[in-house]
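Subject: Structure handover and findings

Hello,

Please find below the structure I said I would pass on. My notes on it follow.

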Amino acid sequence: MFGAALQTVLRVIYPPRCLICGGLVETDFGLCGGCWRDTPFLAGLSCSACGVPLPGASDRAEFCDECLSVPRPWEAGCAALLYRDNGRKLVLMLKHGDRHDIAAVAGGWMARQARPLLEDRMIAVPVPLHPRRHLRRRFNQSALLAQALARALGIGWSPDALERARHTPVLDGKSREARFETLGAAIRVAPNRAALIRDRPVLLVDDVMTSGATLSAAAEACLAGGARRVCVCVLARVAKRP
Ligand SMILES: [Zn+2]
Ligand SMILES: [Zn+2]
């Protein structure tokens with residue numbers, strides 16, 4: 001009751017603004033009409049493992065060519081946006097601009113896609129940043145998304161269930177195989193969080209999925225730590241233009 005009244009007061013003092021252009025918006029959806037139209041939200045048939053859009057319609061799980069050729073260690077996955085146009089812009093603003101307000105709204109967009117993957121006792125876990133990068137950037141954008149997603153879905157979450165075991169070299173320019181190999185040993189369940197993961201379904205959260213190498217390493221770590229199954233949800237999926 002008090003919460004709702006407070007919300008109304010806050011809304012009058014701070015009317016909601018578009019996350020991208022700052023214009024006034026009328027809904028809680030976070031974007032004005034113009035920015036909304038230029039944002040590639042995913043809807044319709046998509047790959048059941050990574051969320052890229054697929055042509056046509058189907059009533060069973062379908063997979064993209066990439067997921068058919070690179071087996072994913074997780075069972076199902078989804079994405080809220082394509083990583084292009086405003087999708088890319090939002091990810092970069094979240095990553096570099098300290099924009100916690102974006103995470104709060106994006107968590108709702110992700111929840112809409114992730115709801116069918118929900119299971120009893122599921123726990124949302126972000127892909128960890130390396131401690132050094134964390135210090136430089138001050139916050140883990142994936143942890144902000146995991147928190148917002150967990151809140152929207154009404155499930156538990158843990159910001160630090162996974163950790164980087166050692167410094168990961170820069171991956172840009174490396175071959176896909178080298179990226180997978182480099183990341184393989186780099187993520188593990190934090191020893192003091194082992195009981196949180198064991199025998200529970202895990203919903204892995206990241207801001208962007210490109211090759212899926214980092215998510216694979218994180219999923220393998222959860223499974224090695226005794227997770228019952230792993231699903232993934234990302235804010236934006238990088239997809240080749242058809
Ligand atoms: Zn706008
Ligand atoms: Zn796929």
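How are the donor residues of the zinc ion (ligand 2) spaced in sequence? They follow the pattern C-x2-C-x13-C-x2-C.

Some conventions before the rest. This is a predicted model, in which local features need pLDDT of at least 70 and side-chain atom pairs count only at pLDDT 80 or more, while totals for chains, interfaces and linings use all residues. Residues are numbered from 1 along each chain as its sequence is written, chains are lettered from A and ligands numbered from 1 in the order in which they are written, and side-chain values use heavy atoms, with hydrogens and water left out.

Zinc ion (ligand 2)

The protein donors here (N, O and S atoms within 2.8 Å of the metal, or 3.2 Å for Na, K and Ca; water is not among the atoms, so sites may look incomplete) are the SG atoms of C47, C50, C64 and C67, lying 2.3 Å from the ion. The four donor atoms subtend angles of 105 to 117°, which makes the arrangement tetrahedral; for four donors that term requires all angles to lie between 85 and 135 degrees. For reference, the ideal angle for four tetrahedral donors is 109.5 degrees.

C50 lies in the loop between α2 and α3 (65-69) and C67 in helix α3, so the pair ties together parts that are 17 residues apart in sequence. Helices (H or I, at least four residues) and strands (E, at least two) are DSSP runs, numbered from the N terminus. C50 has 1% relative accessibility and counts as buried, as does C67 at 8%. Buried means under 20% relative accessible area, exposed over 50%, and partly exposed in between (1.4 Å probe, protein chains only).

Zinc ion (ligand 1)

C18, C21, C32 and C35 each supply an SG donor, lying 2.3 Å from this ion. The spacing along the chain is C-x2-C-x10-C-x2-C, and the site is tetrahedral, with angles of 104 to 116° among its four donor atoms. C21 sits in the loop between α1 (2-13) and α2 (33-37) and C35 in helix α2, so this pair ties together parts that are 14 residues apart in sequence. C21 is partly exposed, at 49% relative accessible area, whereas C35 is buried at 11%.

A search of the whole structure for disulfides (pairs of cysteine sulfur atoms within 2.5 Å) finds zero.

Helix α5

The 15 residues of α5 (residues 100-114) should span 21 Å at 1.5 Å a residue, and the end C-alpha atoms are 20 Å apart, which agrees. The expected span is 1.5 Å times one less than the number of residues. Buried residues in α5 include W109 and M110. The buried residues of this helix pack against β1 (76-82), α4 (86-96), α7 (141-153), β6 (201-209) and β7 (229-237), with contact meaning heavy atoms within 4.5 Å.

A218 and L162

Which residues does A218 touch, not counting those up to four places away in sequence? They are V127, L162, I187 and L204. A218 belongs to helix α10 (residues 213-224) and is buried at 0% relative accessible area. L162 is in strand β4 (residues 162-164) and is buried too, at 3%.

For L162 and C222, 60 residues apart along the chain, the C-alpha separation is 7.9 Å. Under that sequence exclusion, the contacts of L162 include A218, A221 and C222.

Regards

Technical notes. Tetrahedral: all angles 85-135°; square planar, octahedral: opposite > 155°, others 65-115°.
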